Amino acid sequence: MEPMDTDVIIVGAGPAGLMAARRLQEEGIRFLVLDGKARIGHPLQCGEGIREKDFVRFFGRKDYPFIRNRVTKQFFMVDDFERELPLAYLQVDRPAFEQWLAGPVKERIRLREPALSLRVGERSATVTTAKRTYRAKIVILAYGPRYRFQTELGLISREPAVGVCYGGIFSGCGIPHDRFLFAYRKGLGPGAFWAFPKGDGTANLGFGSLSTFTGSIRQAFDRMRAGIRGLEDARPVSTYGGVFPIEGPIARTYGDRALVAGDSAGFVFAFSGEGISYALRSGDLAGRAAAEAIRNGRQDAAFLKRYEAAWKRGFGGELSCGVVFREIAEAFFFRHPEHLEFLFRTPSDAELIGALDGRLPMRARIAHAALVRHGRMGSRLLRLHDRLRRNKEGKEGKALSAKKDRYI
Ligand SMILES: Cc1cc2nc3c(=O)[nH]c(=O)nc-3n(C[C@H](O)[C@H](O)[C@H](O)COP(=O)(O)OP(=O)(O)OC[C@H]3O[C@@H](n4cnc5c(N)ncnc54)[C@H](O)[C@@H]3O)c2cc1C
């Protein structure tokens, strides 16, 4: 069978691929979207929380039927320690959101057709599925946290580490409607439990772990849920598992005839696992870059490089903050969980909110340099910390404590 020709092939119909498709449609460029699943938005593998500010920036309003709840606070718990942050998030019905996103482009989406192979040649990019072969000028990879094609194209030299999650939609949740909860427990390992209320007694609950977590994610989830007031009797309506990238952007997000968006490019705030808004933003930028490339008759890497410059300008700083916080947490706080609460106690509201907007507090930079970048300084700090713990009650302990407070 002859290959089917188009201008742009998008691999993946998640938020990144669908935004790229919508952009190409607006720009009047021919395209096709391929996805292996049978229904847009299913199965759900997500906490469904998105920052209100990001959502409104894209879609102008927040009164869509797929928005199930609006919260104005983030609530952090580390055992008995509690901290509230004024930050508005939306709880969406993600399958319905994705179906809405797909609405204007649904004629161009081919479901049950996973891309099995990708070949980029001098004249075209060719994607093969079990049904047929597609030929295009450019391919946009937006197929989630998968990295085979990026490796084959030479954009990465190894697969990035991922975090692992387990969760689901639960009924019978007696938790406040106006806040998202993040709970940590000392000694459980590097991971967090979330409870995002939908406002009607149901909530999206989950446990997400970082790559250094050893143990059962499912058991960690059950333990955490059972220990949170209002969730003791929560019952699963549906459950999910999934992974998310935690190392930040991949080495290169463009190549000859290729652009990479969303999780496939590592675009997730590495500390919290938030990736919907970066998928939307990068999908839109990839669609724009592809449209420009088609109009200019240039699909080489040198031309497509502008996409990487655009996302770095747009949200590169935010992604760096996420990586820095995750690395500090893994290098120190999760190794010394008795101090875990200081991760949330130390920064001011402005610092925490600023970090989500890409402004890294000076002391986070210093802690990162000491703990992660310059291992020797980091190990001195850890030794200091161990001595402090041994001498907690003594005079030396107080002096060391003062010294440590200057670092952290
Ligand atoms: C458990 C969990 C909870 C999360 N919670 C949140 C949250 O609350 N808020 C938030 O902002 N982020 C959250 N995230 C992250 C967020 O879900 C992702 O960052 C986001 O979905 C990325 O969108 P995407 O379009 O890049 O990829 P995806 O949403 O993964 O979409 C990729 C699409 O590609 C398709 N595909 C896969 N392989 C192929 C192939 N070979 N050929 C064709 N198609 C293919 C898939 O079927 C899928 O439809 C969570 C992630 C997990 C795992």
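I note first that angles under 35 degrees count as roughly parallel, over 145 as roughly antiparallel, 65 to 115 as roughly perpendicular and the rest as oblique. I am looking at a predicted model, in which local features need pLDDT of at least 70 and side-chain atom pairs count only at pLDDT 80 or more, while totals for chains, interfaces and linings use all residues. I number residues from 1 along each chain as its sequence is written.

**Entry 1: H7 and H10**

I looked up helix H7 (residues 301–333) and helix H10 (residues 362–373), whose axes come within 9 Å and cross at roughly 50 degrees; helices (H or I, at least four residues) and strands (E, at least two) are DSSP runs, numbered from the N terminus. The axes are lines fitted to C-alpha atoms, for helices over the stretch in contact, with angles from 0 to 180 degrees between N-to-C directions. H7 and H10 are therefore oblique to each other, and H7 passes H10 in a left-handed crossing (the near helix is turned anticlockwise from the far one by less than a right angle; clockwise would be right-handed). The contact (C-beta atoms, placed from the backbone, within 7 Å) includes Val324, Phe325 and Ile328 of H7 and Ala364, His368 and Leu371 of H10. I find that its residues divide into nine nonpolar, one polar and one charged, where Ala, Val, Leu, Ile, Met, Phe, Trp, Tyr, Cys and Pro count as nonpolar, Asp, Glu, Lys and Arg as charged, and the others, Gly among them, as polar.

**Entry 2: H6 and its partners**

I then followed H7 back to helix H6, where the two axes come within 9 Å and cross at roughly 150 degrees, which makes H6 roughly antiparallel to H7. The crossing of H6 and H7 is right-handed, and the residues in contact include Tyr278, Leu285 and Ala289 of H6 and Phe303, Tyr307 and Trp311 of H7. By class I read eleven nonpolar, three polar and two charged residues in this contact of H6 with H7.

H6 also packs with H1, at an angle of about 35 degrees and with the axes 7 Å apart, and H1 passes H6 in a right-handed crossing. Among the residues in contact are Leu18, Arg23 and Glu27 of H1 and Ile276, Asp284 and Arg288 of H6.

**Entry 3: domains and ligand**

The domain assignment (bounds from an automatic or database assignment) gives domain 1 (4–68 + 91–158 + 248–314), domain 2 (162–245) and domain 3 (323–407). The C-alpha centres of domain 1 and domain 2 lie 28 Å apart, and their contact takes 14 residues from domain 1 and 18 residues from domain 2.

I see 38 residues around the ligand, the closest being Gly14, Gly47, Gly144, Gly262 and Gly275, and a residue counts as near if its C-beta atom, placed from the backbone, lies within 6 Å. Helix H1 (15–27) and helix H6 (276–296) are among the elements that each supply at least two residues of this shell, which divides into 17 nonpolar, 15 polar and six charged.

Most residues other than glycine have a negative phi, and most peptide bonds are trans. I therefore noted that the peptide bond from histidine 42 to proline 43 is cis, with omega near -5 degrees, a bond I looked up because most peptide bonds are trans. Proline 43 is found in the loop between strand S3 (31–34) and S4. Glutamate 48 is found in the loop between S3 and S4, and its phi is near 70 degrees, a positive value in a residue other than glycine.

Definitions and conventions: Two residues are in contact if their C-beta atoms, placed from the backbone, lie within 7 Å.
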